[in-house]
Every structure is written in C-alpha cells, then in structure tokens.
Amino acid sequence: MRSKGQIEHDETDVADPRELEFQALIDSDQRIEPRDWMPDGYRKSLIRQIAQHAHSEIVGMQPEGNWITRAPSLRRKAILMAKVQDEAGHGLYLYCAAETLGVDRSELIDLLDQGRQKYSSIFNYPTLTWADVGAIGWLVDGAAITNQIPLCRCSFGPYARAMVRVCKEESFHQRQGFESLYALSHGTTEQHAMAQDAVNRWWWPSVEMLGPPDTESTHSAQSMAWGIKRFSNDELRQRFIDMVAPQAVVLGLTPPDPELRWNEERGHYDFGKPDFEELRRVVGGDGPCNRQRAAHHLKAQEDGAWVRAAAAAYATKHPAASAAA
Amino acid sequence: MTLGVAGAAAVYTLRAADDCLVLSHRLAQWSSWAPTLEDDIALTNIALDLLGQARGLYARTAELDATGRSEDDYAFLRDEREFVNCLLVEQENGDFATTTVRQLLCSTFQLALWQSLTTSTDEQLAAIAAKAVTETTYHRDHATDWTLRLGDGTAESHERMEAALATLWPYTAELFESDAVSQEASILGVGPDPESLHPEWHGYVTRVLGDATLVVPQSTWKPSGGRQGLHTEPFGYMLAEMQHLHRSFPGVTW
Ligand SMILES: [Fe+2]
Ligand SMILES: [Fe+2]
C-alpha cells in the first residue's frame, strides 16, 4: 500500500529507459496494467482523476436521492432508486480501480472529507423540483457520457474497463431522464413549466461540466500524452451540445442560450459562452450546496464509523465466517 | 364481520402490500447515508425488491376488491387511517442497529409468509410469492450477517443492538395476530393465518440472536392496531412526505 505522501508528493520523474518503453506502449494504443511499470506522475495523475470521478458518483447520489422519498409514482420511484444505486455501484468500481494503483478506498474518502480531493462541481447545485431529476438524467448524465466514452479507451486498463460498464448504465440513465422530462413537458401546463424551469437551471452548469476552456485547462496536455485524455474540453463540449440540442427540440423545451443554433458550415451547433467565472466560484467552494454536500458525506461517514469498527472486530474474532461472507 | 371471499382476500393482500411499501420507503431513506457503499447498495436493493413486491400485491388487490384502483391510488391517495401495514415496518430507521434489527424481525416474518403463500389457492399470489421467496431469503441473510457482526462486534455495537431490540421487540406481537380476515383467508387457502408462522419465526430469530450473543427481551407491552389503520405518529409524516407531490398534481401522468 502507498502512503498519502505518495499521492501528494510531487517529484519530477527523471529520464528512465523504462519511461521510453512505457510511452511506446501508450503510443501503440496498448493498455497499462497495475503490475506494469509506470512513471510516478502517471500514477498520481490517475489516482487523482479516478478518485475525483469516484467521489463525484458518490456525492452525486445526494441531489437525486433528495427526491426518492417524494417521487410522484411508484414506477418513477423504482427507477430513481435503481439509478441512485447504480451511482453507488459506479463509485465502488472506481474506488476499486484506484486501489489497483496502491491506494486505499478509506484513504481517498478521508481526502474527500478533508476537502483535499474534489468531486464534480455539478453536484453543488440543488434539486428544487421533481423535474430536476429528469433534467439531471438528461443533461448531467449526458455530459458524463460525453466525458466518459473516450475514457473507455484510456491507457490504464482497470479505469478503461470500469468505464465500459459505467457508460452502459449512464446511457440508460440519460434515456430515462429524457423520458421523464418528456412526460412532464408533454403533460399539463404546470408540468411543462416545471420541466422548462429545471432545464433553465441545469443547462449551463451541465455545459460547464466539460471543464474549463482549453486555454485554461491545467492538466490536459500531459493527460493527452499519457493516453488518459483523448479529446480537449472544448471538443467534448461541442460534442455534448451537438447531442443535446436536437434532443431539446424533441422534448419541446428551450435551452436558455439565445446563441444556440445549427451552423451548416461547421456542421455543428454554435452556442454561447458559458460563465466560467461562475464555474470557478463553485469549484472553489462557493456554490449553493458545497457546504451541505460535504457535511452530508462527512456525517454519513462519522455515523457509520462504529458499524465499520464492529465489522472489523467481528472479522478478527471470526476469521472463517468473515472470509465466507 | 363477514367480508366475503374476495373481501377477505383483498384485505389480506393489501396488508402484505402495505408492509412491503412502507418498509421499502423506510429503507430507501438510507440512500447516501449507509455506513459503507456496499450497504448503501444492499439496502437499496432490498428496498427495490420490496417495492416490486408491493406493486405486484397492489395490482392483485385491485382485482380482488374490484375497485379498479391503480398501484399509485393505493400508495398516494389513501390517508393514514386506510393503511393496514403492521407497526413494525413503519418504525423509524434510527441508527444502523435499529434498521438491522427491524430487518431481521421483518424479513424472517416475510420469508415464512412468502414460503407459505407459494401454495396459495390464489394463483397470482402464489406466483408473486415464488419470486419473493428468493428475494426475501437474501434480505434475511443480509440482516442475519449484520446482526451477528453488530451483536458480537464491539461493546458499543452490542449495546446499540440491545437498545434496538428493546425498542422493536414489543412490535413483533402484532405480526402474528389472528383476526376475521386472516382466519377467512386461511380457511379459503388464500394464505396462512399469521399465528401459524410464529414457531418458525421465533425459532430462527432466537437462534440468530443467541449466535449474536444477544438476549431476547421480555415485554409485557404489545402495541397493535396497524391492521385496523391505527398507526404511530411518525407514520403520518412519512406519508405526508411520500404523497405530497403526487397529490399536488391531481390526475396527471408522470
Ligand atoms: Fe454514474
Ligand atoms: Fe448516472
């Protein structure tokens, strides 16, 4: 197991013949597996990214879980519960993928609770109405898919394999979100208004989810060279817009972007400039729900500490029973 | 009270449905609050199974009571006094020990009920039960594992389990109450009189509690009334939260 020091300690990698071999593997599109040699920077960068991704899945359970007890039909309730459960499953695969790099899940969760690792800033917005659940499925899961499909070809094997499974489920979530919003949009006037209001609030934060503009993105170049990232933030943002803009038309809902229109020449949609100042503020900790999400996660961890301690004590007393469980 | 064939079967089925729905709702309240990710997933799994069972049972109830109600009518448009679940399932989650004990007591009861219902003269109930036996076996196993770990874990977990048992044990008497509905259902072969499930339930629960170094509490207090729609105060808040959105938009499609 690696210590916290190895996650955070930043040492420059010295030139190493193994590094050339490593880069050659990546350049020929081969997968790096946990036992293979890898530069320290690659390992640290992956741990940070996979942990942040895992944390996002877990914190993301909060805004949608907020509607489980109020879901308006038993069918919608079952769909929502299964979705939130999938997100917990995604968090679990991702923590496992990170563990293959020599860190421990509990260590990463501590870093989250200490505010030393981040999660996607999209989850720092509140879910104020039932329509927000549909809007999150459509837009937030949609943006997540856009980000994650290229990660299925990521150079690190365990991360790539986790992404294949996660992407299948995220596509399912996106379709369900779309379907839920469609029902609202084509329901009564009040339901339609609820759906439009949700799209007004979730559109820009979702567009911003693809990250800061390429001119400001800090980790991009190295991640590209390492085969972790395949497309730039702005390329992904364009893909996302191109996917959801026509879907909005089918939904009968209007994205809050007056500049959104098809550009025949480019073969893409044009769109307005996201408010990246707002994104920076939210990432920096001053979004509407940053404090609430962190406090919720921390409280769940603290409330569960005695349970985890009891399980550990039982396992020590009854090694055979615990191994079988 | 004479309910007629369909009447008794309908009320009998509705009781089981409400037990499933209410317990599912309580478990779903754990989402994002469980002590480990694995348990967050497991509790939601159990909640989803119970919700599925409830939906099947509401559909059957609607045929038996011939009201043509939908599953959502049963869940969202009945008031507190019309719910006929037992009091045990509506008890608040409390800490993880309370939820574990509630699950052990409920799942053991439900498993015995489902096993018996697999031979129901009502073919639809028998079909629902066949699937539910597999699901509920897992629910009981999960609760059993945690009962052992927490009962025989640390001093703190043992103490919390004792407290949870003391709180919840009195509510178990109601599970096995026999009345006109259950007697008629039993005579018709629709389902067992709950009274008959007690020996099996008691045998399993006391064995697990013993293995978990826990003592079965004694209680002279035997709260009851759920099957007649007389519930505990927290249940009203649970329904208020569960029903408010559905009721705010009457008659719409979600
Ligand atoms: Fe996810
Ligand atoms: Fe998702």
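The iron ion (ligand 1) is held by four residues of chain A: Glu57(A), Glu87(A) and Glu170(A), each through an OE atom, and His90(A) through ND1, at 2.0 to 2.2 Å. The model is a predicted one. The angles among the four donor atoms of this site run from 88 to 136°, and the site is irregular.

Along the sequence, the donor residues of the iron ion (ligand 1) follow the spacing E-x29-E-x2-H-x79-E. Glu57(A) belongs to helix H3 (residues 40-59) of chain A, whereas Glu170(A) belongs to helix H8 (residues 157-185) of chain A; the pair therefore ties together parts that are 113 residues apart in sequence. Glu57(A) counts as buried, at 7% relative accessibility. Glu170(A) is buried as well, with a relative accessible area of 2%.

Glu87(A) bridges the iron ion (ligand 2) and the iron ion (ligand 1), and 3.5 Å separates the two ions. Since Glu87(A) lies in helix H5 (residues 74-99) of chain A and Glu170(A) in helix H8 of chain A, this pair ties together parts that are 83 residues apart in sequence. The bridging residue Glu87(A) is buried, with a relative accessible area of 5%.

Attention now turns to chain B and its helix H8, which covers residues 180-187. Its buried residues are Val181(B), Ser182(B), Glu184(B) and Ala185(B). Viewed down the axis of H8(B), these buried residues fall within an arc of 165°, so they line one face of the helix.

The two ends of this helix can be described in turn. At the start of H8(B), a side-chain oxygen of Asp179(B) comes to within 3.1 Å of the backbone nitrogen of Val181(B), a residue that is also among the buried ones of the helix. After H8(B) comes Gly189(B), which has a positive phi, near 80°.

Conventions. Residues numbered from 1 in each chain as written. Chains lettered and ligands numbered in written order. Predicted model: local features only at pLDDT ≥ 70, side-chain atom pairs only at ≥ 80, totals over all residues. Heavy atoms only, no water. Donors = N, O, S within 2.8 Å, 3.2 Å for Na, K, Ca; no water. Tetrahedral: all angles 85-135°; square planar, octahedral: opposite > 155°, others 65-115°. Helix = DSSP H or I, 4+ residues; strand = E, 2+ residues; numbered from the N terminus. Buried < 20%, exposed > 50% of the residue type's maximum accessible area, 1.4 Å probe, protein only. Arc of directions from axis to C-beta. Polar contact = N/O pair within 3.5 Å; in protein donor to acceptor, adjacent residues only side chain to side chain.
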